[in-house]
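Please look over the sequence and the model first, then read the points below.

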Amino acid sequence: MASDQAKIKILVIEDEPMVLEVTVKQLERLGFDLLTATNGNEAIALFEKEMPPIVLTDIELPGLSGIDILKRIKNISPVTQVIIFSGVGTTKDVIEALRMGASDYLVKPVNIGLLTHTVTRCVERFELIKERIERKTILEQEVRKRTAWLRHTFSETIKVLGLLTEKRDPYTAGHQHRVALLAMGIGRKLGLSANTIEIINVAGLLHDTGKIAVPVELLVKPSRLSTLEMNLMKMHPRSSYDIIKDIPFVESLGKDVSEIVLTHHERLDGSGYPGGLLGDQLEQEAKILCVSDVIEAMSSHRPYRPALDMATTKHEIISKKGKAYCPDCVEACLEMIEENGNDARRLFSSLAEESGDGLRWQIHSVE
Ligand SMILES: [Fe+2]
């Protein structure tokens, strides 16, 4: 008997003193740690306390039968190996026991050689199952660790990509982040799922990525853009789409964020760009992003104008509610604006706090 097997506990449940004595003596000789019980209730209590990996039980016992004990033990611990002692004329019970998950059976009077062989085989089987479970647990832990790491890498890459775009244009620095905060706020007001809110967040952080393809002179021009320049600027949603379309959003978030980004300047009435799409052709996330984008842009300084006051911003979304902008999104925004005293700084500050992201938006906060 190997030294590690010497520690293995075996519970023997037998009401015939002779059989119990012979069995215990032999198993002790093999180096096992023996527990004994003479009836079912005593056996179950002992099993729950000691949790032995191997149990030998007689079928015919006072009170609970061996089959009852087997069922109870398998219910508590499916990996425990239960060996049944059967007397003459109990073939039906043996079949039932094997069907219920018994590992093996021994016919009384028990042959010592057969007892040794059967118990040893059950110990080996238990060790094998234990090893398999341990390996599976380690593997599951590793998968969980790697999934968390991948999620972290994904989210950090998204943030860096968003910041990279804004580095070229100090006037709109922080814009994508604030749009994401506002869009998430709308999502929460509308009772959207945590996953949809995360999709909106990512779309917000990346929606203007395509501005990287717009000449910097246009981004910082201190006067209104000409039609030609405006047309060039209007290409940025398509550029955003082209840049991010190969990121595996569906695998990580369950939805293609690039499609939302592509349509963030579309309007319900078809007056937006680049597709001139109508409301029913737009995803809810795009409609949310659209209103958030407008509010943030109007509340911030631009090279060609100072930040607009909240009354002007509210007038814009109220007057075009249901025409250009999604009514539910407008209502959600108005609620949040009211809650923050019609103050853009307070609005974005509380949204950042709510998202547990209170620092970065302030770097280039609205005045
Ligand atoms: Fe945009």
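Predicted model: local features only at pLDDT ≥ 70, side-chain atom pairs only at ≥ 80, totals over all residues.

Residues are numbered from 1 along each chain as its sequence is written. The domain assignment gives two parts to the protein chain, domain 1 (2-138) and domain 2 (169-364).

**Confidence**

- The average pLDDT of the protein chain is 90, and 95% of the residues score at least 70; pLDDT is the predictor's confidence in each residue, from 0 to 100.
- Residues 1-5 have a pLDDT below 50, and this stretch has five contacts in the model beyond near neighbours in sequence. Two residues are in contact if their C-beta atoms, placed from the backbone, lie within 7 Å.
- Residues 358-367 also have a pLDDT below 50, with 23 contacts in the model beyond near neighbours in sequence.

**Domains**

- The C-alpha centres of domain 1 and domain 2 are 68 Å apart. The bounds of such domains come from an automatic or database domain assignment.

- Helices (H or I, at least four residues) and strands (E, at least two) are DSSP runs, numbered from the N terminus.
- In helix α3 (residues 66-76), the buried residues are Gly66, Ile67, Ile69, Leu70 and Ile73. These lie on the same side of α3, because they cover an arc of only 155° around the axis. The arc is that of the directions from the helix axis to the C-beta atoms.
- Asn75 and Ile76 are exposed, on the other side of α3. A residue is buried if 20 or more other C-beta atoms lie within 10 Å of its own, exposed if 12 or fewer, and partly exposed in between, with C-beta atoms placed from the backbone.
- The cover over the buried residues of α3 includes β1 (9-13), α2, β3, β4 (81-86) and α4 (91-99).
- The axes of α3 and α4 are 10 Å apart, at an angle of about 0°. The two helices α3 and α4 are therefore roughly parallel to each other. Axes are lines fitted to C-alpha atoms, for helices over the stretch in contact, and angles run from 0 to 180 degrees between N-to-C directions. Angles under 35 degrees count as roughly parallel, over 145 as roughly antiparallel, 65 to 115 as roughly perpendicular and the rest as oblique.
- Where α3 and α4 meet, Gly66, Ile67 and Leu70 belong to α3, and Asp93, Glu96 and Ala97 belong to α4.

**Helix α5 and its contacts**

- α5 packs against α6 at an angle of about 130°, and their axes are 8 Å apart. That angle makes α5 oblique to α6.
- From α5, Gly162, Thr165 and Glu166 meet His175, Gln176 and His177 of α6.
- Thr116 is also in helix α5 and counts as partly exposed, with 15 C-beta neighbours inside 10 Å.
- Leaving aside residues up to four places away in sequence, Thr116 touches Gln26 and Leu30. Thr116 and Leu30 are 86 residues apart in sequence, yet their C-alpha atoms are 8.0 Å apart in space.

**Helix α16**

- Ala344, Leu347, Phe348 and Leu351 are the buried residues of helix α16 (residues 344-354). They are on the same side of α16, because the arc they cover around the axis is only 90°.
- The buried residues of α16 pack against α6 (175-189), α13 (284-299), α14 (310-319) and α15 (327-339).

- Most residues other than glycine have a negative phi, and most peptide bonds are trans.
- Lys108 and Pro109 are joined by a cis peptide bond, with omega near 0°. Pro109 sits in the loop between β5 (104-107) and α5 (112-167).
- The peptide bond between Tyr273 and Pro274 is cis too, with omega about 5°. Pro274 is in the loop between α12 (257-262) and α13.
- Met51 is not a glycine but has a positive phi, near 45°. Met51 is found in the loop between α2 (40-50) and β3 (54-58), and is partly exposed, with 13 other C-beta atoms within 10 Å.
- Asn342, likewise a residue other than glycine, has a positive phi near 55°. Asn342 belongs to the loop between α15 and α16, and its 15 C-beta neighbours inside 10 Å make it partly exposed.
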